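This report goes through selected helices, helix pairs and single residues. Please look at the sequence and the structure before reading on.

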Amino acid sequence: MSETVIFNENSSSAIGTEPWNALKKSDPEIAQFLIDELTRQRTSVQLIASENFTSPSVLAASASVLTNKYSEGYPGKRYYGGNQVVDEVEDLARNRVTKLFGADHANVQPHSGASANVAVYQALLQPGDTIMAMRLDQGGHLTHGSPASITGKTYRFISYGVTPEDSDKGERIDLDLLRDLAIREKPALIVAGTTAYSRVIDPIPFREIADEVGALFMFDAAHPMGLIAGGNHPNPVGVADIVTFTTHKTLRGPRGGAILCKSEFAKAIDSAVFPGLQGGPLEHVIAAKAVAFGEAGEDYFKSYGVQIIKNAMALAKGLESQGFRIVSGGTENHQVLVDLRPFDKELTGKEAQEVLDQVGLTCNRNQIPDDPRSPFVTSGLRLGTSAETTAGMSETEIGTVAELIGKALKNRADGSVLNEVRASVKELCSDFDPYPPGAPWPGYGF
Ligand SMILES: *Cc1c(COP(=O)(O)O)cnc(C)c1O
C-alpha cells in the first residue's frame, strides 16, 4: 500500500480515520484508486474551469451516513418515516442559501446543474415551447438546447451568440441580436448563462428584454455562483425569475445542483424536481451543500473571489505574451478562453489538451467563437483558476503556469523538454497542495 495519506488520514477532520481504515481493509482495490486520484490532484495543476477543491468539511459531510436515508418529498412532507434529522439538514441548507443570495425560495435537491435546468423547463413550459439561450459553440451549455440533450428534443431553441471578434467590443454577448430575436420569436423563456465565457453577465438587460416580450427569465449561474456569493459579480437573484446553479464550480461545494426562485414559482419548481424528475434526494450531498453555503458566506470567500479573478487576468496576460490570443481580449471571471491559432495554426485544442495532460497541466479543449474545427477537435482551450486559487496560488505562480503551458506546447515533440516541464509542475504543486497531510483545516489559501 502506498504511503500517501488521504485527506489527512491521521486526524478526524476529513472523512475520519476509521471509515478510511475500514475501506483499505475491505476493498483495497477501490482504496488504491482513491489514493491514486488524490495523488493526481495533489501533483498536477488543475485548470479545468468547472472544477475546484472542496474543503475537508464538505468531503466529510458528503461521506456520511445520510447516504442511507430515503427522504422523498420535502422537509415536513416526506413519504417515509425517520426523517427528523434529514429535515433539519435540508432546512438548514435551504435557509443558508436563500439568505446568502437573498432568494425567496430554494430547492437544493437537483443532483446536478443539468437536472436543475431540466426541472425548471419542466416546471415552466410545455413541450414545443420556445426557449432562447446561448449558442453552444459560443459558450452555451448542452442543456441550452443541444440536439443531443433532452432539452433540444423537447423544446424549440433559438440561439443568440457573441459579437464578432472585429467589432469594437468583440466577443461579448450580442444583446442587440438577443433583443431582435426575442421580438421576432416571442420565446416563453430567456436563458442567460454560459459554460465558456469569460465576461461578467449583467442580468438587467436580459430582464428588460424578457419584460419587453413577455418572457420568463432564467439565469443559469452554474459557473459564476461562487463569484456572485462573494459579491464579485452582480447577483441575478431577484432580477431573474429563476436562478439555477451548480454547487461544485466556483462555489466550491459538493458535486450537485440547486434552484433559487421567486415565491410564485416555488410550488411548480419543487414538484418538477420531485416527483417530476428525481426520486429520493441525496441528503449526504445536501448536507455538504449546506456546509459549502456556510463557507461561501464567510468573509474569506470575498477575497477568494477577488483572487480567482486576479489570477485569471494574470493567466490571460501571461498567455497573451507568448503569442496566444485570448477570446474577448481578456477575462472578468475565473475563465480564460484561449485561441491557439495565432500561437501555432497546426495545433488543435485536442492535441494541446493531450500534451498538457502529459505534463500535469490539466485542462480541457473548447471551441472558440466561429471555430473552424469540430467540437471534438477545436482550436481552443478553456482554462480556469478557481481550483488553484483554492490551493493558494496567486499571480506569481499563475504566471509560472502560463510559461509552462507555452513551453510544453512549443516543445511538444521534444520528450526531454516535456519531462522538464513535468518536473517543474510537480515542484510547483508541492508548495500548493490542496490537501496537505497534517494541515489544520482549512489549511490552504482561502
Ligand atoms: C456546468 C454547467 C451545467 C451543468 O452542470 P452539471 O452539474 O455538469 O450537470 C449547466 N449549465 C451551465 C452553464 C454549466 O456551465
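## Loops, helices and helix pairs

Thr378 lies in the loop between β14 (364-366) and β15 (380-384). The model is a predicted one, and the values below are computed from it. Thr378 is not a glycine, yet its phi is positive, at about 65°. Most residues other than glycine have a negative phi, and most peptide bonds are trans. With a relative accessibility of 0%, Thr378 counts as buried, because buried means under 20% relative accessible area.

Arg252 is another non-glycine residue with a positive phi, again about 65°. The loop that holds Arg252 runs between β9 (242-246) and β10 (257-261). Arg252 is buried, and its relative accessible area is 2%.

Helix α2 covers residues 28-43. Its 16 residues should span 22 Å at 1.5 Å a residue, and the C-alpha atoms at its ends are 22 Å apart, so the two values agree. Which residues of α2 are buried? They are Ala31, Ile35, Leu38 and Arg42. Around the axis of α2 these residues cover an arc of only 60°, which means that they are on the same side of the helix. An α-helix has 3.6 residues a turn, so residues three or four places apart point the same way. Glu29 and Phe33 are exposed, and they sit on the face of α2 turned away from its buried side.

Helix α4 (residues 84-101) has 18 residues. From the first C-alpha to the last, α4 reaches 26 Å, close to the 26 Å expected at 1.5 Å a residue. Its buried residues are Val86, Asp87, Val89, Glu90, Ala93, Arg94, Val97, Thr98 and Phe101. Down the axis of α4 the buried residues fall within an arc of 165°, so they line one face of the helix. The exposed residues Gln84, Val85, Glu88 and Lys99 are on the other side of α4. Just after α4 comes Gly102, with a positive phi of about 70°.

Arg94, in α4, is buried with a relative accessible area of 16%. Leaving aside residues up to four places away in sequence, Arg94 touches Tyr74, Pro75, His105, Ala106 and Val108.

### Two helix pairs

Two packed helices are described by the angle between their axes and the distance between the axes. The table gives these values for two pairs.

| Helix pair | Angle between axes | Distance between axes |
|---|---|---|
| α15 (residues 395-410) and α16 (residues 415-431) | roughly 165° | within 10 Å |
| α5 (residues 113-124) and α10 (residues 263-277) | about 120° | 8 Å |

The axes of α15 and α16 cross at roughly 165°. That angle makes α15 roughly antiparallel to α16, and their crossing is left-handed. On the α15 side the contact involves Glu397, Val401, Leu404, Lys407 and Ala408, which meet Val417, Leu418, Glu420, Val421, Ser424, Val425 and Leu428 in α16.

Not counting residues up to four places away in sequence, Leu404 touches Leu361, Val421, Ser424 and Val425. Leu404 and Leu189 are 215 residues apart along the chain, and their C-alpha atoms are separated by 44 Å.

α5 and α10 pack at an angle of about 120°. They are therefore oblique to each other, and α5 passes α10 in a right-handed crossing. The residues of α5 in this contact are Ser115, Val118, Ala119, Val120, Gln122, Ala123 and Leu124, and those of α10 are Phe265, Ala268, Ile269, Ala272, Val273, Gly276 and Leu277.

α10 also contains Pro275. Phe274 and Pro275 are joined by a cis peptide bond, with omega about 5°.

### A residue in α12

Lys302 belongs to helix α12 (residues 299-320). Its relative accessibility is 45%, so Lys302 counts as partly exposed. Which residues does Lys302 touch, not counting residues up to four places away in sequence? The residues are Gly230 and Asn232. Although Lys302 and Gly230 are 72 residues apart along the chain, their C-alpha atoms are separated by 4.1 Å.

Terms used:
Residues are numbered from 1 along each chain as its sequence is written. This is a predicted model: local features need pLDDT of at least 70, side-chain atom pairs count only at pLDDT 80 or more; totals for chains, interfaces and linings use all residues. Side-chain values use heavy atoms; hydrogens and water are left out. Helices (H or I, at least four residues) and strands (E, at least two) are DSSP runs, numbered from the N terminus. The expected span of a helix is 1.5 Å times one less than its number of residues. Buried means under 20% relative accessible area, exposed over 50%, partly exposed in between (1.4 Å probe, protein chains only). The arc is that of the directions from the helix axis to the C-beta atoms. Axes are lines fitted to C-alpha atoms, for helices over the stretch in contact, and angles run from 0 to 180 degrees between N-to-C directions. Angles under 35 degrees count as roughly parallel, over 145 as roughly antiparallel, 65 to 115 as roughly perpendicular and the rest as oblique. A crossing is left-handed if the near helix is turned anticlockwise from the far one by less than a right angle, and right-handed if clockwise. Contact means heavy atoms within 4.5 Å.
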